[in-house]
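Please read the numbered points beside the sequence and the structure.

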Amino acid sequence: MLTDHHSHILPGMDDGSKSVEMSLEMIKMLRAQGVERIAATSHFYAHKEQGDIKNYLQKRQYAYEQLMDASPAIDNIILGAEVAIERGISELDGIEKLVFAGTDYILLEFPYTSFADWMIEEIENIAYNFKLTPIIAHLHRYLDDYSKSQIQAVLSLGAVIQFNNEVFETWGGKRFFKSVLDAGHSFVFGSDTHNTSTRKPNFDLLIKKAKPEWIRRSDRFLDMPKVHI
Ligand SMILES: [Fe+2]
């Protein structure tokens with residue numbers, strides 16, 4: 001089942017979809033590209049939410065219900081979150097509730113600041129304290145800002161690596177994907193779509209550029225027995 005593991009399709013949750021109408025259009029575009037299952041991973045920034053995970057989950061549920069009320073036939077939406085790594089995030093009350101619903105996978109995003117060792121520690125704490133497997137969002141985006149050894153430190157976590165579909169658009173992105181593939185890491189693909197224009201659904205791109213076996217591997221991921229890191 002072609003699966004989008006990273007999207008901002010829920011209306012009014014973050015800098016993604018602005019309205020129910022836009023969400024429906026994004027979902028329609030994804031479906032037209034063959035996507036059958038979509039993880040809805042609205043941003044979670046602990047500092048913006050003032051650490052209130054319960055409130056975030058209520059907002060998410062409301063956004064989801066608005067979507068379902070507008071189009072009850074929509075199915076295979078997995079509620080999740082894209083959790084920004086902040087200092088102390090692993091100790092936030094209820095952090096384990098931000099998993100992809102029904103799984104032990106949690107999508108974590110590195111901040112766009114310089115790399116620091118505490119980020120790795122936060123990820124390890126989340127993994128070990130709650131027995132969760134981290135999925136690292138679009139690691140390829142940090143290649144210009146992180147050193148080789150810092151990228152290696154992230155890969156050494158043994159987490160799942162999420163690639164945005166446009167990774168195949170650049171030579172460096174392709175090379176990095178191949179290195180992750182060759183090193184035997186688990187990986188998944190996602191659109192990281194935010195709207196219908198500048199950051200639109202782009203599985204057409206993935207299907208054109210990625211080998212079918214890579215896409216199949218990504219698609220099987222959520223259905224496989226879980227691997228603890
Ligand atoms: Fe995202």
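1. A residue is called buried under 20% relative accessible area, exposed over 50% and partly exposed in between, with a 1.4 Å probe and protein chains only. Strands (E, at least two residues) and helices (H or I, at least four) are DSSP runs numbered from the N terminus. The model is predicted: local features need pLDDT of at least 70, side-chain atom pairs count only at pLDDT 80 or more, and totals for chains, interfaces and linings use all residues. Residues are numbered from 1 along each chain as its sequence is written, and side-chain values use heavy atoms, without hydrogens and water.

2. Strand β8 (residues 160-164) is largely enclosed by the rest of the structure, because 5 of its 5 residues are buried. On one side these are V160, Q162 and N164, and on the other I161 and F163.

3. Two strands pair if DSSP finds at least two bridges between them. Strand β7 (residues 133-136) runs parallel to β8, joined by 2 bridges, and I136 stands opposite I161. Strand β9 (residues 187-190) is also parallel to β8, over 4 bridges, with F163 opposite F189.

4. Aromatic rings of Phe, Tyr and Trp (its six-membered ring) pair if their centres lie within 6.5 Å; planes under 30 degrees apart count as stacked, over 60 as edge-to-face and the rest as tilted. The structure holds 17 such pairs. F163 and F177 are edge-to-face, because their planes stand at 75°, with centres 5.1 Å apart. This pair links strand β8 to helix α5, 14 residues apart.
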